[in-house]
Amino acid sequence: MDFFKRKFPILVVFVVGLLMIIAYYVPHKPFNQFEGGASMWYMIIRSFALVLAFTSLIRSHYLKIREGKLGWGYSLVMFLALIVTTVFGVLPYGKNNLFGTRSGTIYMWIFDYVNTPAAATVFSLLAFYIASAAYRAFRVRTIDATIMLIIAIIVMIGRVPWGEMFSEFMTSKISHHLVFIRLDRLTSFLLNYPTVAARRAVYIGIALATVSTSLRVILGVERTYMGSDE
Amino acid sequence: MKQYQHLYQHLLCACVLCWVFIMMPGMGGCPKDIEIIPPTDFKTMDTPSDAGGTLLLTWSRMPYDSPEIKYIIYRSESRDGPTTEVERLASDKNFASQMTQYFGFSRKNRNTHAYKVQPIWKMKTVGRRGTDGMWQESQERDYSVMTYFRIGVTDGKAIVMSPTVPSGVPVANWFRQDRANGLIILVAMFLFLIYYISMAQRNPNMFLRKIPGIDAVDEAVGRATEMGKPILYSTGYYDITELSTICSVNILAHVAKKVAQYDSRLIVPSKWPVAMTVCQEVVREAYINAGRPDAFNPNDIYFIAGEQYSYTIGVDSIMVRERPAANFFLGTFAAEALILAETGASTGAIQISGTDSIYQIPFFVVACDYCLIGEELYAASAYLARNPRLVGSLKSQDAGKLLLFLAFIIGTIMVTLGAFYPESEIFQVIRNFLTVR
Amino acid sequence: MSHYSPLATTIGIWIAVGLTIAIYSFLYKDNPFYKLAEHLYIGVSTGYLIVIAWTDSIESLLVEPLLHPRSSESYLIIIPGFLGLLMFTRYFKKAAWLSRIPLAFLIGYGAGLAAPPTIQAYLIRHAGITIAPIFNPKQFALNPMSSLFGILSIGFFTTLIYFVQTDRYTDWGFGRRLFIILGTVLSTVLFFIFAVYYPHRSLWAFIEAFYILLLLVGVITVLFYFFYSIEHKKSLKGVAKTGIIYLMVYFGTSFGYTVMARLSLAIGRMRFIVDDWLKKSTIQQWIIAIPVIIVITIILLWQENASRTAQKSE
Amino acid sequence: MNIKVINKFLSIDRRIIYVLVAVVILIPIIKPLNLPVQVTKEVLGVYNEIDKLPPGSKILVAFDYEPASTPEMDPMAKAVIRHCFRNHLKVIGISWLEQGRGNAQNVLSFITDEFQRQGRPLKYGEDYAYMGFKAGESAMIMALVHDFKGACIRDYLGNDVYTMPILKGIGSLGDFPYLAVLHDDSMINSWITYGHEIVGIKIGALCTAIMAPGIYANLSAGQLTGIVGGLKGGSEYEKLLGYRGLATNGMDSQTLVHFLIIIFILIGNFAYLAKERNLRKERLR
């Protein structure tokens, strides 16, 4: 029994992982079919796991409602939204254009007028946060921070009309020899060389780490995620 | 002074002469009428490294190749049977040197035309569900038959046919040759890993340099305990199948151990069901190991929302309402990175972040107290656990980096020399090895 | 969005605007309207996820092949269905270990899927394009300008290396420090003047060489910064420091550049409020909407109050 | 300076920043500022190629962007299509991103309505057409290269493309003189590898600001004729067409916010330096 509890899952990881790696290098049957089949299995298992999430969500909000905790009414709203969306989406498409997931149904209406604007709004909060983060963090505390600050300002000015006008003015009106402070050229130089070099190195580092972590997981060296023996 | 002037004139003359010699071949490019003859050396071959769907046609580069002259490919089911036109190809394109995934990097490929072609397929009828949800029948490929190819050349007026009729049927191959370089690197990494793990087990105190962000983990947990406030931990955008999430769970195991010892509260809002259950397991184990299994509260590790932005505002609300004293954002993050980090900063929490998503690193660096950049996230669990096997895997990464340094420097020197000898192939070896074919 | 009736569209726009404003109000402070929007959005998005899982996975991948099997292989799909069911053994303490088998499948799939393509797409691709010939002999010609330029760029690099190599420049005499700093500044300035100014072919060769070296140095030093086995001491500290400078430039450019892209989202939302709602809404709509908003406000305030008193009485 | 004032500048309340950002974004939306726009050569590369096509030419427009990118992409999409219709070119739309379908319909109906109001009705199937979403990614582009109509079969309304007058004479992707790709992801790479490299169609890239730096390499390699990047590119295109539209308008907001952020950074840093100086002085005392 201990074998099945502890060793068998590690064996499954090993076999599945090895097969996935082989499938990448061998285009012949049956390995070439394995990749597509495994991704299908993966999607099915994940969909079942969603039920776990669903119960967790329901339980945490149900506890709030039952105990009348702070803000139980909001949990009620969440339940209502969840049930309405799910029911209208899962019911099969009929003639009345209400159920199902095609355009024009209630489900899509909810999606278009609740989900999409809410997501877009949360996303757009970034515009505000970027401003406050810049103000708070860009201080000339150290040499490194100063470099980052100056570069960020150069790039920001280099990308707007006034920055271009400034560059144009400096080169055409003041002196042609000031071409090296043209901010747009400086921006593209910074973007194309030092930035690319740093990004490339970070990518290579992450790739090496990914390969070694993946081998660690497949070989069973890494097994924290399996949890306790209990 | 005068003699030097003389020398300068000589040099100038030499330069002009050199320039003329260099430019000469380019000047002599006036078009000539070349007789159109059928292409020579017309052959078929099975496409290497594929599952058996296509064939390759190759023929020599001809002297009359130009944009006006076109090659026409025909195919048929028998040697003498009726042919159908497959494709018209401009004769100054479609060289084997452009298909490095099949032909490699040999310089001779520039003198060979190549074209990937479909054989004739026998079809079968299958049923499938259409986009409108209705069940319908459609045709699908069953198997390919022996296909015969012919080639013709045309200058827009007449077509000259080649007499050779090669044939072929595609077969599935057992190895992706174009990915051999990746396999070699994978095997090398495997060997490094095995070697360094055995080294680390013999000598557990191998040297690792300090990473400030990792040292701050314990400090943050301690501070939260002193203040009597909870700790927030987020494993990021992806489910447990992503390696960054697995690394994040490893760090969570360490944080949970400290939390269980200090008796503070750990909140793990989750975006994925499987990741949620794994986090529950890991935290429960930490509490059991600390000897206080009843202090574990599974309701603090819960699913809040499965979509990117609803998860974001869910975590934001926790930060604003529960006021955690330490926030951990470790894993892969997308656009929500700055939203989370700024909200956390506004509540005055100490924030430790780490991500491998290249676009979000700058935002975490700006908005958090400590940031694990890229691969440091993967290294963190080895640093925290000090497990010899994990330390060994870090050493294997370093070995890989060292090899890459050597490849960069030697490779650059070699290709620079190689630029002076364009016909020799030996100088390009390292670069060709490190090129995606 | 023309496939809804005008009434549905109008109601939808009002709801969308309400959600937008409620979420923006979070920027000021956590408040009842935000809480309402948050819970509504979480409920809808989770419902959306469940519907997607149902239609795209369970219905089309599991139920459909079992109802209309194409071949005997179609029945293999029962295995993942069974594995998925094993996930639920978590609710029973005795059988909880069974849920590790589907988990193991998922993790093995993820780990095996990640490694080989990462090598191909990130490691090999990024390493390969770093290796490039420094001089292109076709553009290489010796003239006074290019030699001057070559000396300048060599000077630039040596001063730069000298500058970052040592961390104890504070101990130097004033003259020496001035020399180093002025040398660096001067060669940088001269370099940029020449780089942009004299589009001579041989000069371009030098500029390209400079750019390629810049890339090569950057990749190696940043990669070195992440080296775990060696302490950044003595001359190695200079190398790691160069790497940090590259990283800082990368952070600065990424930040400055992204500001623009992120702003367009906020502009889009603001324009939605002004153009689609404020300018198009009629008085009749407002007459209906204002009482609805008042009712919602009253309910929210009552709810806040009630739950707060309940909290206190505990 | 007084230490209290310095400290106030050192920690400006976040809400003040948020309000100012919101105000600065809103001002140009309500009342355009008409800041000047400089046309760059990348945008001219797309404009000139379209401008020199003879009337009646057919141009293919790929709508490959998600709804999330509409604030950035719609203005330039409208500008390009307006440009085509003004020069009496025929526009054929296509998408290989499923979410691109709604955007294409919105943009096309917006522009055709506008021309209708100006008294130049455009007829679907003759002056413009939209093929809808075509699945298959790179394989779809290969199919378009070999046989354009055979790959499309039907347009998004279900009409038979073989009977459409607008597609008369179009056999392959290479028969279009120009392809404008509106994208917010890396789809452009497939259009280049399969469209430009095989049949040599000229391509103009119209993309989000995030994508633009990544495709400059393709521009210098001659695979693209030009790049219109983000709201900035859109505003330049609008200037070339001689009107001030949404992109120019959005650019006003962007410029103001950029400078607002820079001003805040400068305030923070001056306050920081002043505080450091005060501290040093106190230490000397």
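User: How many residues of chain C are in contact with chain A?

Analyst: Happy to start there, with the reminder that this is a predicted model. Contact here means C-beta atoms within 7 Å. On the chain A side 103 residues take part, and on the chain C side the count is 105.

User: Which class has 74 residues on the side of chain C that touches chain A?

Analyst: Helices of chain C that each supply at least two residues to this side include H2 (32–67), H4 (100–130), H8 (234–278) and H9 (283–313). By class, this side of chain C has six charged and 25 polar residues. The class with 74 residues is nonpolar.

User: Which residues of H3(B) make the contact with H8(A), and how many residues of the contact are charged?

Analyst: H8(A) brings A:Val211, A:Ser212 and A:Leu215. H3(B) answers with B:Leu186, B:Met189, B:Phe190 and B:Leu193.

User: What is the strand order of the open sheet in chain B?

Analyst: The sheet has three strands with antiparallel pairing. S1 (43–46) and S5 (112–117) are the edge strands, each pairing on one side only. Neighbouring strands are turned by 25° against each other on average, direction ignored. The order is S1-S2-S5.

User: Which residue in S2(B) is the bridge partner of B:Thr44?

Analyst: S1(B) and S2(B), the latter spanning residues 55–60, run antiparallel and are joined by four bridges. In S2(B), the partner of B:Thr44 is B:Leu57.

User: How far apart are the C-alpha centres of domain 1 and domain 3 of chain B?

Analyst: Chain B is divided into domain 1 (43–174), domain 2 (180–197 + 390–433) and domain 3 (206–386). Between the C-alpha centres of domain 1 and domain 3 of chain B, the distance is 55 Å.

User: And how far apart are the C-alpha centres of the two domains of chain D?

Analyst: Domain 1 of chain D is written as two segments, 3–31 + 253–284, and domain 2 is 41–243. The C-alpha centres of these domains of chain D lie apart by 43 Å.

Terms used. Residues are numbered from 1 along each chain as its sequence is written. Chains are lettered from A and ligands numbered from 1 in the order in which they are written. This is a predicted model: local features need pLDDT of at least 70, side-chain atom pairs count only at pLDDT 80 or more; totals for chains, interfaces and linings use all residues. Two residues are in contact if their C-beta atoms, placed from the backbone, lie within 7 Å. Domain bounds come from an automatic or database domain assignment. Ala, Val, Leu, Ile, Met, Phe, Trp, Tyr, Cys and Pro count as nonpolar, Asp, Glu, Lys and Arg as charged, and the others, Gly among them, as polar. Two strands pair if DSSP finds at least two bridges between them. Axes are lines fitted to C-alpha atoms, for helices over the stretch in contact, and angles run from 0 to 180 degrees between N-to-C directions.
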